[in-house]
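My notes follow in the order I looked things up.

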Amino acid sequence: MNEAAVPDGYPRGVKLGVDVGTVRVGVAVCDRDGILATPLRTLDRNAKKNTDVRILAALAEELHAVEIFVGLPRTMKGEEHASARMATDYAQLLATALRDLGSEVPVRLVDERLSTVTAHRNLHEAGMSSRNHRKVVDQVAAAGILQHAIDMQKARGTEIGSRVYAETAPGPTGNGASAGPDVHTQSAENGRLQ
């Protein structure tokens, strides 16, 4: 069961942060009041069967998440390349998996420039050897993504990022051909991702 939004428009309840990589996916969670994001777990990425996507969707349901923020890696110039496409595709797979579970939990893409770099630096400063970073860096990066998202959301009192919707089923188009899957997003802040 999802929590109702509080009067100022900031949805109250558990939220998840996701850092998507080619090998691992980091997951973080925040408390119901959106005060502190903490690392939760690392999933092995399975791009062929997408078992990690289904595990994440089930986890969101189990925790009664009200929102999921997926990091969108951009260059320092704000450009999007292959890693951003991968994150966008992952967010759409997640939105579809949630829909298939009967869930309406929103999935939002949020800017995550330097989240992994910051996570490595924080782990190093905490005294963890570089060799051991690999085990937790994705979770720590996800926590950074989530903390930034909830802080921005509370400061603005509104939604941030770009909402990603479930894949649409192929169907007839004006010329009788089938329309393939399409990524549907809706941006907050006049089309800018925050």
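Predicted model: local features only at pLDDT ≥ 70, side-chain atom pairs only at ≥ 80, totals over all residues.

**Entry 1: the order of elements.** I read along the sequence and wrote down the pattern β-β-β-α-β-α-β-α-α-β-β. My tally for the protein is 4 helices and 7 strands.

I then looked up totals for the protein. It has 194 residues, and 43% of them count as buried. I also checked the contacts with a separation of 6 or more, and residues 24 or more positions apart account for 65% of those.

**Entry 2: the cores.** Which residues touch the most other members of the largest nonpolar core? I got Val18, Leu56, Ile68, Val70, Leu94, Leu98 and Val107, out of 29 residues in that core. I went on to ask which elements give two or more residues to it, and the list is β1 (15-20), β2 (24-30), α1, β4 (67-72), α2 and β5 (107-111). The element that gives the most is α2, with 8 residues.

**Entry 3: α1 against α2.** I wanted the geometry of this helix pair. Helix α1 covers residues 51-62 and helix α2 covers residues 82-100; they pack at an angle of about 55°, and their axes are 9 Å apart. Parallel, perpendicular or oblique to each other? I wrote down oblique for α1 and α2, because angles under 35 degrees would count as roughly parallel and 65 to 115 as roughly perpendicular. The crossing of the two is right-handed.

Next I listed who meets whom. From α1 I have Asp52, Val53, Leu56, Ala57 and Ala60, and they meet Tyr90, Leu93, Leu94, Ala97 and Leu98 from α2. Sorted by class, this contact has 9 nonpolar residues, no polar ones and 1 charged. Leu56, Leu94 and Leu98 are also in my list for the largest core.

**Entry 4: Arg41.** I found Arg41 in strand β3, residues 37-44. Buried, exposed or in between? Arg41 counts as partly exposed, because its relative accessibility is 35%. Leaving out neighbours within four places in sequence, I noted Arg41 in contact with Val25, Gly26, Val27, Ile55, Leu59 and Gln139. I also checked Arg41 against Asp138: they are 97 residues apart in sequence, while the C-alpha to C-alpha distance is 8.4 Å.

**Entry 5: two positive phi values.** Last, I looked at backbone angles. Asn50 is not a glycine, yet it has a positive phi of about 55°. I located Asn50 in the loop between β3 and α1. With a relative accessible area of 15%, Asn50 is buried, since the cut-off for buried is under 20%.

His64 is not a glycine either, and I noted a positive phi of about 55° for it. Where does His64 sit? I found His64 in the loop between α1 and β4. The relative accessible area of His64 is 39%, so I put it down as partly exposed.

Terms used
Residues numbered from 1 in each chain as written. Heavy atoms only, no water. Axes fitted to C-alpha atoms, helices over the stretch in contact; angles between N-to-C directions. Parallel < 35°, antiparallel > 145°, perpendicular 65-115°, else oblique. Left-handed = near helix turned anticlockwise from the far one by under 90°. Contact = heavy atoms within 4.5 Å. Nonpolar A, V, L, I, M, F, W, Y, C, P; charged D, E, K, R; others polar. Buried < 20%, exposed > 50% of the residue type's maximum accessible area, 1.4 Å probe, protein only. Core = buried A, V, L, I, M, F, W, Y, C linked by side-chain atoms within 4.5 Å.
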